Amino acid sequence: MTTVAAPIATTARPRASLRERMQNFVPKLVLAPSFLLVLAFVYGFNLWTFFLSFTNSKGFASTTLVGLANYQKLWNWTFETDPPSSWYTALVNMGLFGGLYVIFCLFLGLTLAILLDQKIRGEGILRPIYLYPLALSFIVTGTAWKLFLDPGIGLEKAVHDWGWTSFKFDWVVNPRMMIYCVAIAGIWQTSGFVMAMFLAGLRGVDSEIIKAAQIDGASAYATYRRIIIPIMRPVFLSAIIILTHMAIKSYDLVLSVTGKNPGGAAELPSTFMYSYTFTRNQMAVGSTSAVIMLATIAAIMVPYLYSELREKGR
Amino acid sequence: MKLRTKLLAGAIGATVVGAMAVAYAADIKEVQMLHWWTSGGEAAALNVLKQDLAKEGYAWKDVPVAGGGGEGAMTALKAMVAAGNPPTASQILGYFAVDYAEAGKLGDITSLAQKEDWAKVIPTALQKFTTTNGKWDAVPVNIHSVNWVWINKAVMDKIGGTEPKTFDEFIALLDKAKAAGVIPLALGGQPWQEATMFDSVVMSTGGPDFYKKAFVDLDESALKSDTMKKAFDNLAKLRAYTDPNYAGRDWNLATAMVIKGDALVQVMGDWAKGEFKAANKEAGKDFLCYRFPGTDGSVIYNTDMFAMFNVPADRKAAQLALADATMSISFQSAFNVVKGSVPARMDVPDTAFDMCGKKGIADVKAANADGKFVGSMAQNYAQPPSVAGAYHDVVTKFFHGEIKSSDAAVAELDKALMAAK
């Protein structure tokens with residue numbers, strides 16, 4: 001909004017000072033409601049959740065303070081590994097799912113983008129094909145992958161029918177391997193989107209630089225490795241931020257792929273938070289887990305953003 | 001351009017909000033009802049009630065939320081109540097009703113209840129959820145029970161099986177099916193389904209008194225007892241009779257396996273009968289319903305209720321009309337014939353019901369008289385959601401091998417339930 005307003009303000013004639021002031025003022029006025037809404041409904045409720053995590057809220061919000069009791073509970077659960085507590089499982093799964101999801105989406109997205117950037121024929125058709133999975137909702141993706149991977153009706157059965165009867169792929173019904181299926185479905189859905197981001201970045205690279213590299217005799221690999229990818233650093237920043245938050249807030253995907261958490265093995269912090277807050281009537285524990293999630297994201301993202309943005313500012 | 005769009009959106013938003021406010025204030029001859037009976041058979045069953053109320057001049061306004069288990073609906077309801085704008089009534093399950101009652105959010109329909117003498121016709125144990133300190137604040141629509149097994153009759157005839165009366169006979173029957181090459185036990189490996197089955201296993205292993213002591217009273221000596229350990233061992237035995245792909249399967253898909261004859265039996269509450277009905281199968285001819293072996297005479301129940309919220313005086317008459325219509329004998333019969341459950345009133349004639357319904361009605365009466373009518377732990381009718389959730393965790397972790405032995409399971413059960421209490 002402000003970037004739109006700025007050039008208009010500079011072109012305005014000096015005598016229209018009232019108009020000029022209005023033009024400065026209107027964007028602020030227009031932004032004010034959304035700013036206030038965000039302030040109340042995002043940051044306000046963040047604080048409210050933070051407050052609830054110190055109370056003994058059960059089915060409904062309560063204001064009776066219990067100090068750090070809820071944090072202590074979660075802290076103890078963090079180290080309960082035999083049998084694994086739901087919170088421990090949630091954390092381990094978050095690391096596995098989040099790590100695989102971010103790394104593979106970046107890798108596949110970048111590879112696809114580089115391949116598509118080779119001025120190939122039919123790019124106009126290929127690009128949307130890779131991008132379309134993102135148009136599906138996660139619950140559809142999850143259900144489709146659950147059916148596709150189901151050993152009784154999906155991939156394994158098809159391969160058996162083709163004659164390879166020793167083939168075995170039962171991850172989706174094996175509680176210990178389920179989380180990898182969630183990652184597969186998530187990567188399938190999102191890597192096309194990451195590809196589009198990288199493709200836009202690649203198109204933004206100045207062709208003069210690439211030509212210069214070619215004249216200097218750099219191989220294609222070296223050009224990408226030493227010149228293009230480093231130039232695209234801001235795209236990596238955006239992609240990592242988007243992927244990380246998608247991984248952390250992922251909820252419907254895990255429920256639909258795993259079928260409501262058999263064996264308690266498909267827990268993620270988001271499913272943990274929802275079930276404790278809304279279905280198990282332990283709102284205080286749910287709020288505590290939400291606060292820990294937020295703090296964890298902040299602990300990862302703030303230093304990263306700080307270092308990236310400071311370097312850009314220099 | 002952007003500015004104009006925003007202003008326009010704002011204006012539209014304001015109009016919508018205004019219109020909604022007007023709609024709320026206007027009609028008092030209206031029942032606002034939050035429920036999740038949106039699928040074919042359920043919606044048809046509820047339509048009976050809508051028509052009964054229309055005859056009395058009350059309009060029906062749905063606050064529907066899709067989704068079978070009602071998790072989304074419970075969240076929506078919580079928001080409505082917290083905002084001070086409760087519906088006239090809401091479909092509600094188990095301890096959630098108690099929560100709202102304890103928070104002082106429910107109304108009072110005691111006068112109607114006394115006039116109609118509901119205390120006599122509704123099973124005693126169930127009244128725990130419909131009354132608070134002697135004050136009526138909810139009406140039960142039906143009684144489901146979870147200790148049923150559903151058997152494909154054609155498969156049963158093929159393997160020459162007979163009704164199993166004990167757990168050991170049940171295992172023998174499952175072995176027969178296995179030998180004949182059918183999947184013996186159709187199971188959906190989701191925590192609530194495994195826990196629901198375990199309710200029956202505990203009842204079968206320890207009997208009604210043990211069940212009550214362990215789950216209703218949360219007696220630690222019962223939770224840690226050898227009987228409970230034996231119940232876990234029995235549950236582990238059943239695991240051997242599932243197909244390898246059971247994890248995460250939805251319950252209705254498991255029922256479909258029995259309907260199609262791929263599997264012999266499913267252990268499930270009587271809502272499974274709705275699936276048989278929908279597939280045009282007839283009780284006694286195409287499928288058989290028995291009590292879970294070793295639990296005959298006992299009923300592990302859950303029930304759908306309408307919680308009556310504390311509404312302003314001008315909406316009170318509509319609420320009482322709703323409560324009255326819900327408890328009418330004709331509605332209780334018509335609704336439950338369609339839904340597959342049994343009436344919450346014990347004085348409803350069983351003529352319209354099929355074989356399973358008739359048995360269900362007789363069982364509820366007998367179990368209520370003998371004190372063998374107990375709430376389902378898995379379905380939130382024995383303990384509040386926090387404890388029931390911990391129960392789900394332990395049972396599913398044991399069933400899927402995360403908890404390795406029945407000794408560990410018993411210790412974990414005791415620990416988890418006590419921590420969640």
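This is a predicted model: local features need pLDDT of at least 70, side-chain atom pairs count only at pLDDT 80 or more; totals for chains, interfaces and linings use all residues.
**Domains of chain B**

In the contact between them, domain 1 of chain B takes part with 18 residues and domain 2 of chain B with 22 residues. On the domain 1 side, two elements of chain B each supply two or more residues: strand S7 (142-145) and helix H17 (355-370). H17(B) gives the most to this side, with three residues. Sorted by class, the side of domain 1 of chain B that touches domain 2 of chain B holds eight nonpolar, seven polar and three charged residues.

**The sheet S9-S10-S8-S11**

Chain B also contains an open sheet of four strands, ordered S9-S10-S8-S11, in which the pairing is mixed. Its edges are formed by strand S9 (183-186) and strand S11 (287-291) of chain B, each of which pairs on one side only. On average, and with direction ignored, neighbouring strands of this sheet are turned by 20° against each other.

Strands of a sheet pair through backbone hydrogen bonds, in either a parallel or an antiparallel way. Strand S8 (residues 148-152) of chain B and S11(B) run antiparallel and are joined by five bridges. Within this part of the sheet, Val149(B) has Tyr290(B) in S11(B) as its bridge partner.

Methods
Residues are numbered from 1 along each chain as its sequence is written. Chains are lettered from A and ligands numbered from 1 in the order in which they are written. Two strands pair if DSSP finds at least two bridges between them. Axes are lines fitted to C-alpha atoms, for helices over the stretch in contact, and angles run from 0 to 180 degrees between N-to-C directions. Two residues are in contact if their C-beta atoms, placed from the backbone, lie within 7 Å. Ala, Val, Leu, Ile, Met, Phe, Trp, Tyr, Cys and Pro count as nonpolar, Asp, Glu, Lys and Arg as charged, and the others, Gly among them, as polar.
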